[in-house]
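Hello,

Here is the structure I promised to hand over. Please have a look at it, and then read on for what turned up.

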There are 2 protein chains.
Amino acid sequence: MRTIDAFNHFFPKRYYDALLDSPAGQKDIGKRVRGIPALSDIDLRLKIVEQFPDYTQVLSHGLPPIERLFGPDKAVEMAKVANDGLAEVVARHPKHFVGWSAMLPMNVPDAAAKEAERVLKNGANAIQLGTNANGEPLDEKKFWPIYEIIAKSGRPILLHPARTREMPDYPTEKVSKYEICSVLGWPYETGVTLARFVFSGIIDRNPGLTIVAHHLGGVIPYLEGRVGHSFDQLGARTSDEDYGAVLRGLKKRPYDYFKDFYGDTAVEGAKAATVCGIDFFTPERVVFASDCPFDKEKGPGYIRDTIKVLNSLGLSNADMEKICFRNAQKLFGIA
Amino acid sequence: MRTIDAFNHFFPKRYYDALLDSPAGQKDIGKRVRGIPALSDIDLRLKIVEQFPDYTQVLSHGLPPIERLFGPDKAVEMAKVANDGLAEVVARHPKHFVGWSAMLPMNVPDAAAKEAERVLKNGANAIQLGTNANGEPLDEKKFWPIYEIIAKSGRPILLHPARTREMPDYPTEKVSKYEICSVLGWPYETGVTLARFVFSGIIDRNPGLTIVAHHLGGVIPYLEGRVGHSFDQLGARTSDEDYGAVLRGLKKRPYDYFKDFYGDTAVEGAKAATVCGIDFFTPERVVFASDCPFDKEKGPGYIRDTIKVLNSLGLSNADMEKICFRNAQKLFGIA
C-alpha cells in the first residue's frame, strides 16, 4: 500500500546549526536533538525511508517552535532559512519526500502572516503550528490574519504540541515533575488548542481551515463523551463569564467542530487508541503519520509499528487507502 | 445483569447544608449543586436507582473535595459529619445503596490519616481522593501515612479529578477559558496524579494499594503508546533532574504500574472510549460507574447510556459480570 507519512520531523542543515548555536540549543534542546541523528543527517534519513516499500514522507521541522529558540529580532530571518532549507531538501530527494510543512515566526505575528503567504506561494504543503506561541494561546486576535491566509490557501495546519511554562490552560512546567508535561501534557494541550479554535470563533470565521491534530487528536477521541455532553453544558459551572452566550454564538454544536478536525496516526503503534481515534475522526479524516524519528530506535520504529497496527485493524481497502495516502494527497495537494 | 455502580455522587443533608453556607457554596459551587437536585434529595435519588433492575450504588461524596470548602479549622469536623452522614444514608437504604466511600480533610494530613483509620474501621468501602489537595500534589510526603493506612485496609482509593489553580502539572484555571480545565483538564489531571503515584515510589512502598481512576483512567488508555515508550525514555528530555535514577529506582517498567490501576466506565456512554479503556485495563480491572447525577437529565442519563454501551460490546458473560459487579464486590468487600 502506498503510504504518505504526513507528520515527522527533520532539520535542514543551516537551521540546525543555528539552533545548536542558540541559547536553548546549548542546553536541553541541543542535547536532545544531537541524540537523534536522523533528525538532521540526510543520508541516515534517506536510508530509513528506503526501508519501507512505497513509503514517502512530508517533512515537518523539528521542535521546538522557532519562537522558543529565537527572539523577534532573529526569528523572522531564521524562519526563512528553515523553510527554504526544508523546501530544498524535499526538492533534492523527490523519491523520498513528497512535500513539506513550513513554520512561522509566531513571536512576530505580522511577519508570521507574511511568511505564511510567502511559503504557501512557494509550494509549502502545510503550515506547522505549535499549540501555543511562547505560552500565548493561538486564539489571540493578533494571530487571526494568519488563519485567514492559511484557510484561503486550502492547505492544512499541522498542529503540534509545544511545551511551555506560561500557557494558561497548561501545566506550569517549572515545577512539574517526571516529564509529565511532555508525556501526558502534550496531547492534553492539543485538545486545549482545538477547543480554543472552536470557542473563539476562528473556525466559524474560516470555514475552509483544515487542522490536522498530531497524535490522533491528542486526548479528544477518548474524551468524546465530555467533548459532547460537557461542552453542551458550557456555562453551567461558571458564573463570572457568560459562556452560555459563547455557546449560542457558535454555528453548530461544539462536538461537531471537533469531529471536523483531522487526526494523524502517530500514537506509537497503540492499537486500541488507533481504533478509538479512527472511530472518532472516521477514515475520511485520518492521515498516516509516524512521528519519525522519535522512537527508541531513533528512526524506523514508529513507522514500522504504525504500518503494522493499521494492517491489523481489518479496515476495508478503500478506508486503508484514504488513511495511508488519499487523504494526504488531497490535504497537501500531492499527485 | 446485577450492576453495582462504583462511582456516583451524593451529599448527605447536614454536610450539604454546611456546604451551601460555606464561602465557596455561596458562589459557583452552590449554584451548581443546587441545580442538580438528585445530588442531595434522597427521595429523588431513590427513584432514579429504582428505574434500573438489579442496580445498586456505592455512594461517594459530591465534589469539590472538603479542603476546597473548609479551612483546617473546620475541615476535620466537617469530614466526620459528611462521612457519618453518608454511612447513615447507606444504612437506611440497603436495597438501593450497597456501600459508600469516605473523604478526608486533606488540608490537615495528620487528621486525614486518623479519619481514614476511623472510617475504614466503621465500614467505609473506599476512600475518595481528589487528584490534588488544594493544589498540592498527592505524592508529597506528608500524605504518605494516609496511603499506608488505606493499603493495609485492603479497600481502594477512588481517584476523582479536582479543579485547582495551583496544581503544578495542572492548568492555571484563573486564566483558562471555556471550562477547558474541567472538560479536558480533569481527565488529564487524573493521568498526572497516577503518574505521580508511580514515580514518587508510593506504589512500590504500598504494593497492596488499589487505585480506581475515574473516567476510565482519565487520558491514560488513549495515551498508552506514550505511557509505554515515552516514560521508558524518562530523563532523555531533561538535564536538571536525574530522572534516569528515578526510572532505575522503580521495581518495574512504568507502563506496568499503569496497567495495574483500575478504571471505571464513567465516560458518558462513549463506545469507542469504553472499548479502548477496557482493552487497556482488561475486564479484570474495570468497574461499572455512571457518574450519576451529572448527565443532562440530572440523574438517570449516564446510568442508562453506560449500561447500553456495555451491552453493545459483545463481551463474554464472564467479563460482563466482572465489570458490572464482581470486581466491585471484591474491591469494596460487598457480598
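Let me start with one residue, A:Asn134. A:Asn134 is partly exposed because 17 other C-beta atoms lie within 10 Å; a residue is buried with 20 or more other C-beta atoms within 10 Å of its own, exposed with 12 or fewer, and partly exposed in between, with C-beta atoms placed from the backbone. Its phi is near 50 degrees, a positive value in a residue other than glycine. A:Asn134 sits in the loop between strand E5 (132–133) and strand E6 (136–137) of chain A. Helices (H or I, at least four residues) and strands (E, at least two) are DSSP runs, numbered from the N terminus.

Some background on the model: it is predicted, so local features need pLDDT of at least 70 and side-chain atom pairs count only at pLDDT 80 or more, while totals for chains, interfaces and linings use all residues. Residues are numbered from 1 along each chain as its sequence is written, and chains are lettered from A and ligands numbered from 1 in the order in which they are written.

Back to the backbone. Most residues other than glycine have a negative phi, and most peptide bonds are trans. B:His215 also has a positive phi, near 55 degrees. This residue lies in helix H11 (residues 214–217) of chain B and is buried, with 29 other C-beta atoms within 10 Å. In chain A, the peptide bond from A:Leu63 to A:Pro64 is cis, with omega near 0 degrees, and A:Pro64 is in the loop between E2 and helix H4 (66–69). The bond from A:Cys292 to A:Pro293 is cis too, with omega near 5 degrees; A:Pro293 belongs to the loop between E10 and helix H16 (301–311) of chain A.

Next, the sheet. Chain A has an open sheet of 8 strands in the order E1-E2-E3-E4-E7-E8-E9-E10, with parallel pairing. Its edge strands, each pairing on one side only, are E1 (3–9) and E10 (286–287). E1(A) pairs with E2(A) (residues 55–60) in the parallel sense over 5 bridges, where pairing takes at least two bridges found by DSSP. Within that pair, A:Ile4 stands opposite A:Thr56.

Two helices of chain A are also worth a look. The axes of H6(A) (residues 109–121) and H7(A) (residues 144–153) come within 8 Å and cross at roughly 10 degrees; axes are lines fitted to C-alpha atoms, for helices over the stretch in contact, and angles run from 0 to 180 degrees between N-to-C directions. The two helices are therefore roughly parallel to each other, the word for angles under 35 degrees.

Finally, how do the chains meet? The contact takes 60 residues from chain B and 59 residues from chain A, two residues being in contact if their C-beta atoms, placed from the backbone, lie within 7 Å. A rotation of 180 degrees with 0.0 Å of shift along its axis superposes chain B on chain A (RMSD 0.0 Å), by least squares on the C-alpha atoms of residues with pLDDT of at least 70 in both. That is the relation of a two-fold axis. Of the interface residues of chain B, 98% are also interface residues in chain A, so the copies meet through the same surface.

Enjoy exploring!

Terms used. Parallel < 35°, antiparallel > 145°, perpendicular 65-115°, else oblique.
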